[in-house]
Amino acid sequence: MSQTEFQKYIHSKKFKDLLTKYEEGISSGSMPYIDTDDLIDIAEYYHINNRMADSEKAVEYCLELSPNDEYALFFKARLMLTVYHNPTEAQRIIESIDDYKSLIESIYILAEVKMQQGKADEAEDMLQKEYRNIIKEIEEKADGVDTSYNDDEEDDDNDEISAEETLSRFPLDVATLYCDYGFLEYADSWLCKVKDCGGELSFEYYETLGRLRLYQNKYAEAIDAFNNALDVDAYNVAIWMQLSEAQSCCEKYADALQSIEYALAIEPNAEDAMFMKGNALYDLARYDDAMTLFRHMEERQPANPQINLFLAALCFETECRAEGMKEFQKALEKSNYDIIIITQVGISLYELGYTDAAYDLLSTVFYNYLSKENDKECPQQMIDCIIKCCEKLNKENEANFYKQYLEKRISNDK
């Protein structure tokens, strides 16, 4: 089932009834029998809605019913990769499947394991080998060589169609994986192998092409690709958001605002889209409108420190510097002085021209971590910003210290 078809399916009455049946069973503690394929669909629905605990619960229930279900094991392995960032466990799960080397999904996941480990060259070797094997199988069947025992002629035809479909999908699937992991050159080379970008593959092709061109800073091409994807599925919120991002990157701020408003018309409570709308209003210098939006968001999400970071930036833009500093302080307190939020506050202060304040904050935090010997928790962005502060404040010796520290840390991580 393609992404577009799955999106349509989860909005259908059939799926909604299935989900209600499942959730009522969870609540009552008396779960009715549900087909394993349906349970995987439910797990996927939770996953795309960022309900990871519910997604994992659904797949675990599926494995209780059918411990060797391949698709449940595939799904669980992907959770290990995407949620828990545990490639070792993902590989263990895949290798527990009987004859896993013959399953195309196993090949994809094992390639992802390599990608997550930073071994893209090994992943490429594995995928190229599989691609050649698929081509060889189809060529042998075309030449009348029976590569698998099957007396049913109709089934043979279906197998051949299946192999051809696998071949048509394979380059696009691989390009999408490489795009997900940021290996853009490999993604580009595989996307060039896609021979037919129409039909049921068209949405996925243009979505992947759009993301790839966005990551490559080729914004005009990204905009064209996302518009082509929307021609296939005009109600896809994620594509409207990505289109808005591409438009914003090439300073088409009015277009970016319009696109994100389309996204919110489809899904009014999409939090990421609301942040993007606030950004678009900021870019258009509509500071009062942006302030109103973020204040409304703060009422709905009082514990979210990211909102206060945006409010702080707006305060500085409107010359309310004291209020801006209060918003930065709120963000720090709400996050319990999380290192990521501290870094974001420091970078914001630097970009707003408060170099001394940025330096004092970030260097103090860094040395605190250094004294406790857990300085590796400090993001590289923080250290990069401290270096910029030192250079701007003419602290040459300190800048050299941080540069040497960063070089040594990067070298040790390799």
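**Cysteine separation, helix packing and positive phi angles**

In the predicted model, the sulfur of Cys315 lies 5.7 Å from the closest cysteine sulfur, that of Cys320, which is too far for a bond. A disulfide requires a pair of cysteine sulfur atoms within 2.5 Å, and a search of the whole structure accordingly returns 0 disulfides. Cys315 is buried, with a relative accessible area of 2%, whereas Cys192 is exposed, with a relative accessible area of 65%.

Helix H12, spanning residues 219-232, packs with helix H13, spanning residues 237-249, at an angle of about 160 degrees, and their axes are 9 Å apart. Because angles over 145 degrees count as roughly antiparallel, H12 and H13 are assigned to that class. The crossing of the two helices H12 and H13 is left-handed. On the H12 side, the contact involves Tyr219, Ala222, Ile223, Phe226, Asn227, Ala229 and Leu230, which meet Ile239, Trp240, Gln242, Leu243, Ala246, Gln247 and Cys249 of H13. The residues of this contact comprise 11 nonpolar and 3 polar, with no charged residue among them.

Most residues other than glycine have a negative phi. Asp99 has a positive phi, near 55 degrees. Asp99 is located in the loop between helix H6 (87-95) and helix H7 (104-116), and its relative accessibility of 58% places Asp99 in the exposed class. Glu319, likewise not a glycine, has a positive phi of about 70 degrees. Glu319 belongs to the loop between helix H17 (305-317) and helix H18 (321-334).

Methods. Residues numbered from 1 in each chain as written. Predicted model: local features only at pLDDT ≥ 70, side-chain atom pairs only at ≥ 80, totals over all residues. Heavy atoms only, no water. Buried < 20%, exposed > 50% of the residue type's maximum accessible area, 1.4 Å probe, protein only. Axes fitted to C-alpha atoms, helices over the stretch in contact; angles between N-to-C directions. Helix = DSSP H or I, 4+ residues; strand = E, 2+ residues; numbered from the N terminus. Parallel < 35°, antiparallel > 145°, perpendicular 65-115°, else oblique. Left-handed = near helix turned anticlockwise from the far one by under 90°. Contact = heavy atoms within 4.5 Å. Nonpolar A, V, L, I, M, F, W, Y, C, P; charged D, E, K, R; others polar.
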